[in-house]
Amino acid sequence: MPASSILSSRDLEFLLHEWLQVVTLTKRPRYAEHSRETFDAVLALAQEIATDHFAPHNRKADEHEPYLVDGKVVLVPEVAAALRVFAEAGMTAAALPEELGGLQLPAVVNMAVHAWFQAANIATSAYPFLTIANANLLVAHGSPEQVRTYVPPMAEGRWFGTMALSEPQAGSSLADITTRAAAQDDGTYRLTGTKMWISGGDHELTENIVHLVLAKVPGGPPGVKGISLFVVPKFLVDDDGSLGERNDVVLAGLNHKMGYRGTTNTLLSFGEGGHTPGGRPGAVGFLVGELHRGLTYMFHMMNEARIGVGMGATALGYTGWLHAVEYARTRTQGRALAGKDPAAPPVPIIEHPDVRRMLLAGKSYVEGGLALGLYCARLVDEERTAETEEERARAHLLLEVLTPIAKSWPSQWCLAADDLAVQVLGGAGYTRDFPVEQFYRDNRLNPIHEGTHGVQALDLLGRKVVMQGGAGLTLLGETITATTRRAAGTPWAELADTLEDLVQQLGTVTATLWSAGDPEQALANATVYLEAAGHVVVGWLWLEQALAAEGRDGDLYAGKRQAARFFQRWELPKVGPQLALLASMDSTVLEMRSDWY
């Protein structure tokens, strides 16, 4: 298959097989039916479907965003057609257990599979992305009846799923939600309230939509401890699995976005009497798990979504970077700086040092982000299938620490790669005649949704690196140090020394920030901490890639080594000043008063 401008199949091959050695997973019972051949076949099929069915309507869905006709959402028809092909190929159910109709694909391979669709058309891919996360939550925390009722139709692509958390007055602050769930005599609940920013919240793409809704039951504890989780389907489901009455969930409006336009983003009203199931108003909901543990369950979906959002950001940055490389190789303008002859033909702009700088920076960001997302997905496989409980617990703890970084680092730096792609194309990049401006607009959502950059920073510094007495941060340091020791005596020893020093500094700074025991002071500059820690982690993953590429001939390996050098020499030097700022306990932000703005 020829080289693609969507994603690099060769890079995925390197990361999956030459670095992560994913075929070793087939020695474990869960993946014993798979092989290198089945992994490669699914990846090739994903590339084919993404190329033939997702990418062609990416621009059209952006230009013709969803709209309402007689209260129903209208999308460009290519969206439904692409999603039918996706579902019929088994992509929705790829990682689900066999007994639920899945292929039982390892999470790391499944992540690579879905990266093709995210890079080809992030908006269309969002519908099954949310559905898969919804189904996974129900498999983990739902009752057997809920799994039987809702998961197979979602796995088959006949129903889609959502996560309904935010409200107009409560975005990231879920303690402030006001949606209520009143217990009924038959064991169900009736929900009333409004949910905002719900992606995929209403459409005509599928027979049914399964909403997972956070709400509070009257009389429960205040704040997040009083939140419960409910399944609220658009259509109620009869005992035989057929669709029954329309539930009291109504589309109140569509949000009009900067990017991601092909995904409906909705304001939903629950329980206002737009429909009357059982002859009365109130959206019928079914409790998932135990009362008041809703946020704990939802974090199962949210953490999966956060890693997936990071991979979506990487995919958008990656395809933008590939388009920029292709343009720079073919666009001629100017002459070599040493050239003296004005009559000499112009050279491709990739010959100019500043263009090379931008493309090399973009390469270091997108290939670093791809390594980060796949590494985290491999940890998912480890926490599920590693041989010992100790190994599974270790993978879980490391994944907990890396999740906010896996979400936010690509959302910041792969967005920067798209920004650089626009710059490489120059004036052309600023027009709608070329796709890089759409990649940038689509990618701009990723630092916002599924927990903003600031929220991820608070999660990392406020919870993840201090939980269990700092065990997660210690484990991260040990894991990085294991790699740096392997680099001894190689051309990468200097990078390894730099990383060891930064890991030590990160631990010291963490202790300094929390030394006074004052959360307001410790967390005031948390975003700087997140960015510094993220660069250390991605620097480590570039060392991993450099070691895997060392001593091998070919453009891919040479490019890996050069990108690792770039990250070492251009990016990691940014971390020291950030850590110094944190260590100084700078209070400039805290001291700024609201009326001084």
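**Before starting**

The model is predicted; local features need pLDDT of at least 70, side-chain atom pairs count only at pLDDT 80 or more, and totals for chains, interfaces and linings use all residues. Residues are numbered from 1 along each chain as its sequence is written, and side-chain values use heavy atoms, with hydrogens and water left out.

**The whole protein**

The protein has 19 helices and twelve strands; helices (H or I, at least four residues) and strands (E, at least two) are DSSP runs numbered from the N terminus. Its radius of gyration is 24 Å, close to the 25 Å that the globule rule gives for 597 residues, so the protein is as compact as a globular protein of that length. This radius is taken over C-alpha atoms, and the globule rule is 2.2 Å times the number of residues to the power 0.38. The C-alpha trace spans about 85 × 60 × 60 Å along the principal axes.

Of the 597 residues, 57% count as buried, where buried means under 20% relative accessible area, exposed over 50%, and partly exposed in between (1.4 Å probe, protein chains only).

**The largest pocket**

Select S166, I448, H449, E450 and G451, which lie nearest the centre of the largest pocket among its 48 lining residues. A pocket is found on a 1 Å grid over the protein atoms alone, as an open set of points where a 1.4 Å probe fits, with protein on both sides within 12 Å along at least five of seven lines; lining residues have an atom within 4 Å of a point. The space in this pocket comes to about 1,200 Å³, a volume being the space filled by probe spheres set on the points, which are joined across faces, edges and corners.

Which elements give two or more residues to the lining of the largest pocket? They are α6, β5 (189-199), α8, α11 and α12 (453-464). Helix α8 gives the most, with seven residues. The lining divides into 22 nonpolar, 18 polar and eight charged residues. Here Ala, Val, Leu, Ile, Met, Phe, Trp, Tyr, Cys and Pro count as nonpolar, Asp, Glu, Lys and Arg as charged, and the others, Gly among them, as polar.

**The second largest pocket**

Now select N136, H300, E304, V380 and R384, the residues nearest the centre of the second largest pocket, which is lined by 36 residues. Its volume is about 990 Å³. Two or more lining residues come from each of α5 (107-120), α6, α8, α9 (353-385), α10 and α12. Helix α6 gives the most to this lining, with eight residues.

**Aromatic rings**

The structure holds 16 aromatic pairs. Rings of Phe, Tyr and Trp (its six-membered ring) pair if their centres lie within 6.5 Å; planes under 30 degrees apart count as stacked, over 60 as edge-to-face and the rest as tilted.

Y127 in helix α6 (residues 122-141) and F160 in strand β3 (residues 159-164) are 33 residues apart, so to speak of the pair is to speak of a link between distant parts of the chain. Both residues are buried.

Next, select Y327 and F434, an edge-to-face pair with 5.8 Å from centre to centre and 90° between the planes. This pair also links distant parts of the chain: Y327 is in helix α8 (residues 294-330), and F434 is in the loop between α10 (389-425) and α11 (436-443), 107 residues apart. Y327 counts as buried at 17% relative accessibility, whereas F434 counts as partly exposed at 30%.

Two further stops concern rings. Y365, W409, W413 and F567 are linked into a cluster by ring pairs. R246 lies over the face of F235, at 5.6 Å from the ring centre; a charge sits over a ring if NZ of Lys or CZ of Arg is within 6 Å of the ring centre and within 35 degrees of the ring normal.

**Backbone positions**

Most residues other than glycine have a negative phi. Q21 is found in the loop between α1 (9-19) and α2 (36-54), and is partly exposed, with a relative accessible area of 37%. Y260 also has a positive phi of about 55° without being a glycine. Y260 lies in the loop between β10 (249-254) and β11 (265-270) and counts as buried at 9% relative accessibility.
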